[in-house]
Amino acid sequence: QLQLVESGGGLVQPGGSLRLSCTASGLTLRPYAIGWFRQAPGKEREGVSRISTSGGSTNYADSVKGRFTISRDNAKNTVYLQMNSLKPEDTAVYYCAARSPSFAQWYAATSYAYWGQGTQVTVSS
């Protein structure tokens, strides 16, 4: 059973940066594409970014393009989300999720079989 744990969330001022980590245990992350999602209070969960199994392909939501960078280190069984120039509207619980190769859209949450418990990101002055 693949288990995912997010870390790195916290409180940051607008314009600041955070790096989230998604670390796997139980199984290797290598065969899985990894997505980052977020959910703000009263809103639906939305896809933020996704990285392919090798790390050679990435996707981003329009709202974070140019500010967020996803990467992975398969040797460390970890995926990262570097978040720069943070805005108050980035405030949400951030989740990482894993899925086997799929033809579904990368932001389709139902295509991901494994989820972490989430980490809170709050952007506020």
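Select strand 3 (residues 18–25) and strand 8 (78–83): strand 3 and strand 8 pair in the antiparallel sense over 6 bridges. Strands here are DSSP runs of E with at least two residues, numbered from the N terminus, and two strands pair if DSSP finds at least two bridges between them. One place to look is L20, which stands opposite L81 in strand 8.

This is a predicted model, in which local features need pLDDT of at least 70 and side-chain atom pairs count only at pLDDT 80 or more, while totals for chains, interfaces and linings use all residues. Residues are numbered from 1 along each chain as its sequence is written, and side-chain values use heavy atoms, with hydrogens and water left out.

The 4 strands form an open sheet with antiparallel pairing, in the order 1-3-8-7. From one strand to the next, the twist averages 15°; axes are lines fitted to C-alpha atoms, and angles run from 0 to 180 degrees between N-to-C directions.

Next, zoom in on strands 1 and 3, which pair in the antiparallel sense over 5 bridges. Select E6: its bridge partner in strand 3 is C22. Then select Q3, which stands opposite S25 in strand 3. Strands of a sheet pair through backbone hydrogen bonds.

**Stop at T78**

T78 lies in strand 8. Is T78 buried or exposed? At 6% relative accessibility, T78 counts as buried; buried means under 20% relative accessible area, exposed over 50%, and partly exposed in between (1.4 Å probe, protein chains only). A polar atom of the T78 side chain lies 2.8 Å from the backbone oxygen of K76. Leaving aside neighbours within four places in sequence, T78 is in contact (heavy atoms within 4.5 Å) with residues including S21, C22, R72 and D73.

**The core**

A nonpolar core is a set of buried Ala, Val, Leu, Ile, Met, Phe, Trp, Tyr and Cys residues joined through side-chain atoms within 4.5 Å. Select L4, W36, L81, M83 and Y94: of the 29 residues in the largest nonpolar core, these touch the most other members. Among the elements that give two or more residues to this core are strand 3, strand 4 (33–39), strand 5 (46–51) and strand 9 (92–99). Show what surrounds L4: not counting residues up to four places away in sequence, L4 touches C22, L29, C96, Y114 and W115, among others.

**The salt bridges**

A search of the whole structure finds 4 salt bridges, each a side-chain nitrogen of Lys or Arg within 4 Å of a carboxyl oxygen of Asp or Glu. Select R38 and D90, which form a salt bridge with the closest N and O atoms 2.9 Å apart. This pair links distant parts of the chain, with R38 in strand 4 and D90 in the loop between strand 8 and strand 9, 52 residues apart. Both R38 and D90 are buried.

R67 sits in the loop between strand 6 (58–60) and strand 7, and the two residues are 23 residues apart. R67 is buried, as is D90. Which residues are linked in a network of salt bridges? They are R38, E46, R67 and D90.

Finally, select K65 and D62, whose side chains meet in a salt bridge (3.2 Å, N to O). D62 counts as exposed, at 66% relative accessibility.

Notes: Polar contact = N/O pair within 3.5 Å; in protein donor to acceptor, adjacent residues only side chain to side chain.
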